[in-house]
Amino acid sequence: LGAVIGMIMIHPSLQNAYTVATEGVQQTQSVFFGLFKIDMVGYQGHVIPVIISVWLMCFLEKRLHKIVPASIDLFVTPLVSVGVSGYLALTAIGPVFSQLETWVLDGVQWLIAVPYGIGAFLMGGLYSSTVVAGVHHMYTIIDLGQLSQYGVTHWLPLASAANMAQGAACLAVGLKSRGNQKMRSLAFPAALSCMMGITEPAIFGVNLRHIKVFICGSIGGACGALMTSIFHLGATATGVTGIFAILLHLNQPVQYIVSMLVAMGVAFLLTWIFGYKAEKPAAAKTASNA
């Protein structure tokens with residue numbers, strides 16, 4: 001049922017959310033008996049509206065199971081749960097959180113324009129938190145806007161610094177977990193994935209489980225982003241972050257490498273010294289207790 005809610009919110013009849021920035025909203029629809037109108041736009045790239053909608057559906061389903069007679073429960077409960085939740089997702093939950101994301105975008109645009117690299121430092125530190133919230137996909141709009149205005153995007157290298165820092169923090173966890181083979185087997189591939197632009201395995205699988213590691217990674221991302229601002233680093237296109245993003249910075253490859261090394265170095269050292277204390281392997285714990 002959760003998958004159904006997700007599919008409703010990206011239905012092909014809805015305009016693709018990524019085209020709204022260039023083409024504008026093409027169609028609106030009256031809802032709640034004409035009380036107001038909503039834009040017929042899908043929620044591709046959004047996470048929070050789907051999570052809240054599915055949570056609401058689960059809430060309804062549990063209560064419907066208690067009040068709907070068993071003879072019709074199999075048919076009525078899923079139908080009502082999905083129908084009500086899907087309608088609210090498209091008419092209330094989605095539009096509200098889309099507006100919140102618009103405000104976030106405006107705030108980000110303002111922050112990265114703050115002089116002396118202060119804005120870049122703050123956004124480099126906060127970027128990974130927006131990944132946790134699932135709203136980082138919307139930053140493509142910033143990339144496209146800056147590319148059209150300046151010919152380069154100053155946002156992409158900032159995001160790369162944040163991702164590389166989280167990857168380095170995850171790598172430090174793997175190297176310190178010599179006696180924990182399970183953590184090492186999780187941390188090393190997650191760190192590599194993070195440095196190639198796919199941050200979720202490292203952030204959710206390792207760093208957030210040890211919150212100090214996540215914080216160390218965020219501090220490293222802030223320092224790396226500060227360097228991208230000092231160098232006035234700009235990517236010539238939008239796309240992948242991390243290691244392969246150097247292909248988008250061939251106009252300033254040395255500055256890109258230095259910025260990423262600063263992000264990784266700070267995150268790795270902070271994690272190694274303060275962020276993570278390796279746990280003793282189970283066998284060692286048993287022996288010490290004996």
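## A walk from a ring cluster to a helix pair

Start by selecting F32, F36 and Y87: ring pairs link these three residues into a cluster. Keep in mind as you click around that this is a predicted model.

**Stop 1: the rings.** Show the side chains of F32 and Y87 and look at how the two rings sit. The ring centres are 5.4 Å apart and the planes stand at 80°, so this pair counts as edge-to-face; the cut-off for that label is over 60 degrees. In the whole structure there are five aromatic pairs.

Now colour by secondary structure and see where each partner comes from. F32 belongs to the loop between strand 1 (28-31) and strand 2 (36-39), while Y87 is in helix 4 (residues 70-112), so the pair ties together parts 55 residues apart in sequence.

F32 has a relative accessibility of 29%, so it counts as partly exposed. Y87, with a relative accessible area of 38%, is partly exposed too.

**Stop 2: zoom out.** Trace the chain along the sequence and the pattern reads α-α-β-β-α-α-α-α-α-α-α-α-α-α. Turn the model around: the C-alpha atoms fill a box of roughly 65 × 60 × 25 Å along the principal axes.

How much of the chain is buried? Of the 290 residues, 41% are. And among contacts between residues at least 6 apart in sequence, 72% join residues at least 24 apart.

**Stop 3: two packed helices.** Next, select residues 211-230, which form helix 10, and residues 253-275, which form helix 11. Two packed helices are described by the angle and the distance between their axes. Here the angle is about 155° and the axes lie 7 Å apart. That makes helix 10 roughly antiparallel to helix 11, and the crossing of the two is right-handed.

To see who touches whom, show side chains on both helices. On the helix 10 side, the residues in contact include K212, V213, C216, I219, C223 and M227. Helix 11 answers with residues including V258, M260, V262, V266, L270 and F274. Colour this contact by residue class and you'll get 13 nonpolar, seven polar and one charged residues.

Definitions and conventions:
Residues numbered from 1 in each chain as written. Predicted model: local features only at pLDDT ≥ 70, side-chain atom pairs only at ≥ 80, totals over all residues. Heavy atoms only, no water. Axes fitted to C-alpha atoms, helices over the stretch in contact; angles between N-to-C directions. Helix = DSSP H or I, 4+ residues; strand = E, 2+ residues; numbered from the N terminus. Parallel < 35°, antiparallel > 145°, perpendicular 65-115°, else oblique. Left-handed = near helix turned anticlockwise from the far one by under 90°. Contact = heavy atoms within 4.5 Å. Nonpolar A, V, L, I, M, F, W, Y, C, P; charged D, E, K, R; others polar. Phe/Tyr/Trp six-rings, centres within 6.5 Å; stacked < 30°, edge-to-face > 60°. Buried < 20%, exposed > 50% of the residue type's maximum accessible area, 1.4 Å probe, protein only.
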